[in-house]
Amino acid sequence: MEKDKVIVIGAGLGGLECGYILAKNGFDVTVLEQDGQTGGCLQTFVRGRALFDTGFHYVGGLGEGGPLYSLFRYFNLLDLPWKQLDRDCFDEVVIGDESFRFATGHDNFIEALAERFPHQRQELRNYVSFLKNVGDHIFDSLSPRDAGGFYSESLFARSAWEFLNETISDPLLRQVLSGTSLKMELNAESLPLYVFAQINNSFIHSAWRLQGGGSLVTDSLVGSIRSMGGKVLTDSAVTSIEVKDSRVSAVVVNGGERLEADRVISSLHPALTMSLVDNGLRKIYRERISRLENTCGMFTANIRLKPGMLKYENRNLFIHRQDADLWHPDPSRTESVLVNWSVPYDDSDYAINIDLLTPMRWDEVARWSDKRMGHRGEDYVQFKAARTEACIELVEHRLPQLRPAIDRIYTSSPLTYHHYVCQPQGSAYGVRKDWRSPMTTVLTPRTPVENLYLTGQSLNLHGVLGVSMTSLFTCASILGMDAVVRDTGVKGDI
Ligand SMILES: Cc1cc2nc3c(=O)[nH]c(=O)nc-3n(C[C@H](O)[C@H](O)[C@H](O)COP(=O)(O)OP(=O)(O)OC[C@H]3O[C@@H](n4cnc5c(N)ncnc54)[C@H](O)[C@@H]3O)c2cc1C
């Protein structure tokens, strides 16, 4: 019998995971990627001895019993060289002159912070137990009885900022708990409690780096898809999605070849997907999708270090100015920087490279957006140099050894993500979910075109955990929820 044909647009994490699930379930899968390499935001690049990640630094919940553990067991990704971050301090939050440590495991997390905030122990317990409860229910929305995701829906309609204020009375402790903020866009007006709780809970469960970079994840998925008979094609940009009688009839690749399919999944930003659909969409739907706001982008200084100069640290540093308001950031200055060490490939005590990340808005770089890479002019070079210097200045108080250890710095801005992975406005985490309008900002995989589905970070939850969960939702729209639950075996693990 001929297999149903599925085309997946985009070979980032979301597209490849959908390709994996459907190939495993007997579909004839072709994944199309516009870039010369697969991986999307999980791409890596090499400069001399240093291997840099782009949109991947660490993941949460990969230890046994964690949400990512069951997902990655299914995707056959557990055997990659994962390295658990220090259990007594996987994230160090630095506010002004003081450091606070986040410890692995819910009880340890409470105790580590209660040492500094003894009078807040009960509030910390309430905070952590709420987060854990949300995390423990992460797969409930996969239950056929809860197909609309009842539990998560109510948390998408609550404000993370209000929850934090209601639960924690000490303003400094609130600041500390918000201190690992760069994993999401902390926005007091919009951030839903679901996103805040799910992401923070997964990292409290356990935090992990990958020796060799995020592309090992996507390379493994590509290999699995091919070994199951699927195709993954690079340099294959989808330039149009042809719709006839409310169904996709074909996708056009690089403006020429037409590929027919029974079903099409797009992992692109929803606005980008809809801009490719040639007809069959109501104006009101197109406008709704094109009006969705995006989360901010990220500026990264990828720093190659001189050999033997800076010790590897098995933790992340989140460094904030004393007076930074993390939920209402001041766009005119660099207030927060994440410092991430790459695991040295030779397991040496000394780091080979390090990344500094700080949020950056599209409007800061938009004036260079019509210029080609490498031709954006001296003022863009100066702009990036000034931002790099501001990051180093903020960091060197905690890390005085950094500056003399710098060999070479490579930088990227939202323009880079816009250019390489076609992310509108170079947004780091896709569509901004908003607790005030969950019905319009939290998207489902189904579209008005019967056989066109969405996946990827803009739908439900961003990041490696969020995108992996979303790929299950998308494939459940095709295979049925029961079949996905049976096939993946994720439910009942937690
Ligand atoms: C700086 C930064 C740091 C991050 N750090 C972390 C982290 O430490 N941990 C974590 O969990 N998450 C992190 N994230 C988030 C994480 O990288 C993303 O949520 C996730 O990788 C998104 O996957 P995706 O498949 O939805 O999208 P993408 O990775 O963007 O994949 C979409 C793919 O579609 C391709 N494409 C676009 N247009 C077309 C077209 N017309 N035809 C064919 N292909 C097309 C793109 O080239 C791309 O490969 C980070 C993100 C950024 C930006």
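Me: To begin, is Asp347 buried or exposed?
Reply: Please note that this is a predicted model. Asp347 is exposed, because 9 other C-beta atoms lie within 10 Å, and a residue counts as exposed at 12 or fewer.

Me: And where is Asp347 in the chain?
Reply: Asp347 belongs to the loop between β17 (336-341) and β18 (353-360). Its phi is positive, about 60°, although Asp347 is not a glycine. Most residues other than glycine have a negative phi.

Me: Where is Asn76 then, and what is its phi?
Reply: Asn76 sits in the loop between α2 (67-74) and β6 (82-84). Its phi is near 60°, again a positive value in a residue other than glycine.

Me: Let us change topic to the sheets. What is the strand order in the five-stranded one?
Reply: The five strands form an open sheet in the order β10-β2-β1-β14-β20, and the pairing is parallel. At the edges are β10 (231-233) and β20 (452-454), each of which pairs on one side only. From one strand to the next, the twist averages 20°.

Me: How many bridges join β2 to β10?
Reply: Three bridges join β2 (residues 28-32) to β10, and the two strands run parallel. Within this pair, Leu32 has Leu233 of β10 as its bridge partner.

Me: Which helices pack on that sheet?
Reply: Helix α1 (residues 13-24) packs on the sheet and touches β1 (5-9), β2 and β14 (263-266). The direction of α1 makes about 170° with that of β2. Helix α16 (residues 463-479) also packs on the sheet, touching β14 and β20. The direction of α16 makes about 155° with that of β20.

Me: Can you give me a pair inside it? How do β16 and β17 run?
Reply: Strand β16 (residues 316-320) and β17 run antiparallel and are joined by four bridges. In this pair, Leu317 stands opposite Val339 of β17.

Me: Now the hairpins. How many residues lie between β11 and β12?
Reply: The hairpin of β11 and β12 has two residues between the strands, and Asp245 in the turn has a positive phi of about 50°. Six bridges join β11 (residues 238-244) to β12 (residues 247-253), and the strands run antiparallel.

Me: What does β12 do with β13?
Reply: β12 and β13 (residues 257-260) pair in the antiparallel sense over four bridges. The bridge partner of Val253 in β13 is Glu257. This hairpin has three residues between its strands, and Asn254 takes a positive phi near 50°.

Me: Back to helices: is α8 largely enclosed, or out in the open, and why?
Reply: Helix α8 is largely enclosed by the rest of the structure, because 13 of its 13 residues are buried. It spans residues 193-205 and reaches 18 Å from its first C-alpha to its last, close to the 18 Å expected.

Me: And Ile284, buried or exposed?
Reply: Ile284 is exposed, with 8 other C-beta atoms within 10 Å. It lies in helix α11 (residues 283-290). The C-alpha atoms of Ile284 and Glu64 are separated by 45 Å, and these two residues are 220 residues apart along the chain.

Me: One last topic: which residues come nearest to the ligand?
Reply: Of the 38 residues around the ligand, Gly10, Gly12, Gly14, Gly40 and Gly456 come nearest. The elements that give two or more residues to this shell are α1, β15 (297-305), α14 (414-421) and α16.

Me: What classes of residue make up the shell?
Reply: The shell around the ligand has 21 nonpolar, 15 polar and two charged residues.

Terms used: Residues numbered from 1 in each chain as written. Predicted model: local features only at pLDDT ≥ 70, side-chain atom pairs only at ≥ 80, totals over all residues. Buried ≥ 20, exposed ≤ 12 C-beta atoms within 10 Å, placed from the backbone. Pairing = 2+ DSSP bridges. Axes fitted to C-alpha atoms, helices over the stretch in contact; angles between N-to-C directions. Contact = placed C-beta atoms within 7 Å. Expected span 1.5 Å × (residues − 1). Near = placed C-beta within 6 Å. Nonpolar A, V, L, I, M, F, W, Y, C, P; charged D, E, K, R; others polar.
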